[in-house]
Amino acid sequence: MNFEAVIGLEIHVQMKTKSKMFSSSPNAFSKSPNTEVTVFDMAYPGTMPVVNKQAVINAIRVANALHMEIDHTICFDRKNYFYSDLPKGFQITQQFRPIGKNGYLEILDRDNKKKRINIERIHMEEDTCKQLHFADYSLLDYNRAGTPLVEIVSRPEIRNGTEAMRYVEGIRNIVVYSLTSDGKMEEGSLRCDVNVSLRPYGVKEFGTKVEIKNINSLKNIEQALDYEIARQSAMLLSGTPVQQETRRFDEASGKTILMRVKTDAVDYKYFPEPNITPIALSDEFVQNAIDTCPELYESKKARYVASGLSDTDADIILSDINMASYFESALKSAKKEKTLANYLIVEVNGYLNKRGISILDFPLEPEKLGELTNLQEDGFTHKQCVDILNYLLEEPTLSVEEARKAKGIEKMVQDDNLVLSLVTEALNENPQSIADFKGGNGRAIGFLIGQVMKKAKGKVNPADVSRVMNEEIKKR
Amino acid sequence: MKEINLDVLHDAAHRLLFDMSDEEYQTLLEEFGILTKQMELIGKIEGLENYPPMTFPFPCEVDYLREDVATEPLSREEALSNAGSVLDGEIKIPKVVG
């Protein structure tokens, strides 16, 4: 019997704001423990939550990018639970009236066909504190407590690991390019919980669902789900019922591992947050949040592809928002987008990878890279341009023109008659090399080409020289 | 509405990790009895079902949102001053997961 997987995702995104969701405490990643907390974050009696405007703007932007209905009244609710990760004894969230509902994201399925994944809701809430667990004690760092979050809940319409991975990738692109979040799964600023169950094809009822928590990379989402689907299939085929449980993905073994078996659903006794009255957002406020949203990934990609970049090239540049930003700055001085993209993807990326640094640490200003690529458009060879680039990377204060002159690099002359006369001259002067070549020494032609390049002082194209040399030597 | 009896109160106290004397449980039960009667009185108001549940006694919608400006946080010493036990700048508690 074949089974259909039913997958739903809950994605928590930490918002990139200056202050926290309900307090004015700084909101930054990786500061030393318990140095970014205010009395509210630690639930001192009498402290009151005040909603962060930028967090609301960010949530509206994401909701709009996901084609959601946006609620113009913001309401918060209490999710009550007793645990050390939130000292108030409750989390402030939006249970009853999420800021956005009924949206969708289009992804490519396994056959690269467009598929719409409907999204139930997006709501704002506060993050919990970070807990470190040891053998017989736990440590609490409240820096993360109160960090603004949006939670995006999909409908259970995802059918395999590839679709899940592409869905999360699509969400990540939206939150990163709207400047809502860093979207760094490995640092926990985008966290993903997956619910997966299996049912025989044609059956409408859902099977027993298993939750896989905190998967920390796109690749792991695909792997975890493919493993889990295979595991549940094998169980069902052997007549073993799947039990409702929470699992985690073990990267080393590529398997999901049982964390705990779920018993009764926890009753969080949600009720409207009495310390935050409903907040009315004007139409202008909502529209302005949407209108001022930075250009999103898909729009940039369409623009890049329209200007001549391949799909893959556009994806490579857009895979890092800082790379995309560098590309756009360089475009101001570059004549041709495609040439610039090639330099960025091959030469610049090669330089960065070799040194293990990011584009933010690349020594050359983007405008100069743009100017450099123009040399190629003006007739300099790729190799000449790369030589100038390498020199500029050593001397980044020089202008492109100064670097070119310092390296003594001149534009190639496109003159077949000149090439022919120089080749003829070189052949006449080196009869021994001709004899060596005819005798089977292939390297002799390299020497002859070198002689021509020397005579031309590097101004002729080596490819032209090679072509003419091969033709002429055969005539001897 | 769920009936509030001694079993419910014992269970709630157990979940909240505290206990009381029998006398205190009795007092609490009586107080809940008064509250329940009052709620029943309100429930008898005619046409109540035509109103959505209210969190606040009167409409009090606002339009205020805080500007996203960070202020000086507590010093770590202040933040941790009420912690029973501290290790490496973090609050140390008994292990809370199995």
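User: In this predicted model, which residue takes a positive phi in the hairpin of β13(A) and β14(A)?

Analyst: Let's start with the strands themselves: β13(A) and β14(A), residues 255-261 of chain A, run antiparallel and are joined by 6 bridges. Along that pairing, A:R248 stands opposite A:I257 in β14(A). The hairpin has 4 residues between the strands, and the one with a positive phi near 70° is A:G254.

User: And what is the hand of the β-α-β crossover from β12(A) to β13(A)?

Analyst: Here β12(A) (residues 210-215) and β13(A) (residues 245-250) pair in the parallel sense over 4 bridges. One place to look is A:I212, whose bridge partner in β13(A) is A:R247. Between the two strands the chain passes through helix α3 of chain A, residues 218-237, and this crossover is left-handed.

User: Over in the open sheet of 4 strands, which strands stand at the edges?

Analyst: Follow the order, which is β8(A)-β9(A)-β2(B)-β1(B), with antiparallel pairing. The strands at the two ends each have a single partner strand, so one side of each is left without a neighbour in the sheet. Those edge strands are β8 (130-133) of chain A and β1 (86-87) of chain B.

User: Which element gives the most to the side of chain B that touches chain A?

Analyst: The contact takes 28 residues from chain B and 38 residues from chain A. On the chain B side, α3 (76-79) and β2 each supply at least two residues. By class, that side has 16 nonpolar, 3 polar and 9 charged residues. The top contributor, with 5 residues, is β2(B).

User: Last one: how do α12(A) and α15(A) pack, and at what angle?

Analyst: Residues on both helices make the contact, including A:V419 and A:L420 of α12(A) and A:V465 and A:V468 of α15(A). By class it has 8 nonpolar, 1 polar and 3 charged residues, and the crossing is right-handed. The axes of α12(A) (residues 416-429) and α15(A) (residues 462-475) lie 9 Å apart, at an angle of about 55°. That angle makes α12(A), relative to α15(A), oblique.

How values were computed. Residues numbered from 1 in each chain as written. Chains lettered and ligands numbered in written order. Predicted model: local features only at pLDDT ≥ 70, side-chain atom pairs only at ≥ 80, totals over all residues. Axes fitted to C-alpha atoms, helices over the stretch in contact; angles between N-to-C directions. Parallel < 35°, antiparallel > 145°, perpendicular 65-115°, else oblique. Left-handed = near helix turned anticlockwise from the far one by under 90°. Contact = placed C-beta atoms within 7 Å. Nonpolar A, V, L, I, M, F, W, Y, C, P; charged D, E, K, R; others polar. Pairing = 2+ DSSP bridges. Right-handed = clockwise from strand over helix to strand, strands pointing away.
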